[in-house]
Amino acid sequence: MQKFNIAIDGPAGAGKSTVARLTAKRLNFQYIDTGAMYRAVTWEVLRRQIPMDDEQRIAEIAAEMDFSLETTASGTKIYVNGRDVTEEIRSEAVTSHVSAVAQLPSVRDVLVAKQQKMAAAGGVVMDGRDIGTKVLPEAEVKVLLTASIEERAKRRLHEMRAKGIQTDLERLKREIAARDKIDSERSVSPLRKAKDAVTVDTTGMTIEQVVENILDLSRTKVGPLE
Ligand code: CDP
Ligand code: CDP
């Protein structure tokens, strides 16, 4: 089987990371969570108390960060300069500020270059907002995952309750809608369907159905997967 790349984009809660991780596992590919990279930069910016609009300083910080992603049975771990920040980057503070950091053009330039390097050898499943349009425009397989905001918020609620975190559906809907708005309206690399991407509406679909869908699409694009 040739080494190809799969680009998966979509809004928060569409199922990107879960589906990308499982698809990578099935193909023995590497999974790269680009959202985790934007989150890690945001976490560092908050930790150092840098103003969210200090673009140059934030880009410098991003450039100094060495990212490594490791997929384990329970999920994906992210290390920055050797430190495991998997838990820290999921905090509410990071979630509410990440879209502001992700709209800074020089920060995007730095992270996009790192992501392109990570995928240069092929055999990667990468998820984010601009993978099919900007990071990997030549990816053999491109998918735009969507789901209704109701369903996406319910998924998040379920996930948070499982972790013992109390929140409510309306609040999650507001949080997701606010992030969707910034991510799809920003001037640099907004969330858009790449012209050659296939849209998969995952509302009512199981995770396994979505993974099979992407594997079928991959067969159509590149041939047998064995
Ligand atoms: O997992 P969730 O959908 O909550 O978001 P994420 O994938 O962890 O991404 C967090 C944020 O990073 C997004 O809301 C975007 O603002 C930004 N992001 C981006 O701008 N471009 C990417 N390729 C990936 C994430
Ligand atoms: O990465 P993104 O924000 O797009 O979504 P995710 O973190 O992969 O998925 C959010 C939650 O939805 C996870 O708890 C998944 O298990 C769940 N999910 C689902 O219930 N059905 C799907 N078809 C996809 C994801």
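This is a predicted model: local features need pLDDT of at least 70, side-chain atom pairs count only at pLDDT 80 or more; totals for chains, interfaces and linings use all residues.
## Shell around ligand 1

Ligand 1 is surrounded by 20 residues, and the closest are Arg39, Arg108, Asp130, Arg156 and Asp183. By residue class, the shell holds 10 charged, 5 polar and 5 nonpolar residues.

For Arg39, the distance to an oxygen atom of ligand 1 is 2.7 Å. The side chain of Arg156 also has an N or O atom 2.7 Å from an oxygen atom of ligand 1, and for the side chain of Arg179 the value is 2.8 Å. On its own, ligand 1 has 530 Å² of accessible area, of which the protein covers 97%.

## Elements that form the shell

Two or more shell residues come from each of helix 2 (34-47), helix 4 (92-102) and helix 8 (169-185). The largest contribution is that of helix 2, which gives 4 residues.

## Helix 3

Helix 3 spans residues 55-64, and its buried residues are Ile58, Ala59, Ile61 and Ala62. Viewed down the helix axis, these buried residues fall within an arc of 160 degrees, so they line one face of helix 3. Gln56 and Glu64, on the other side of helix 3, are exposed.

The packing partners of the buried residues of helix 3 are helix 2, strand 3 (67-72), helix 4 and helix 5 (105-118).

How values were computed
Residues are numbered from 1 along each chain as its sequence is written. Chains are lettered from A and ligands numbered from 1 in the order in which they are written. Side-chain values use heavy atoms; hydrogens and water are left out. A residue is near a molecule or strand if one of its heavy atoms lies within 4 Å of it. A polar contact is a pair of N or O atoms within 3.5 Å; within protein, one must be able to donate a hydrogen and the other to accept it, and residues adjacent in sequence count only if both atoms are side-chain atoms. Accessible areas come from the Shrake-Rupley method with a 1.4 Å probe; for residues, only the protein chains shown count as cover. Ala, Val, Leu, Ile, Met, Phe, Trp, Tyr, Cys and Pro count as nonpolar, Asp, Glu, Lys and Arg as charged, and the others, Gly among them, as polar. Buried means under 20% relative accessible area, exposed over 50%, partly exposed in between (1.4 Å probe, protein chains only). The arc is that of the directions from the helix axis to the C-beta atoms. Contact means heavy atoms within 4.5 Å.
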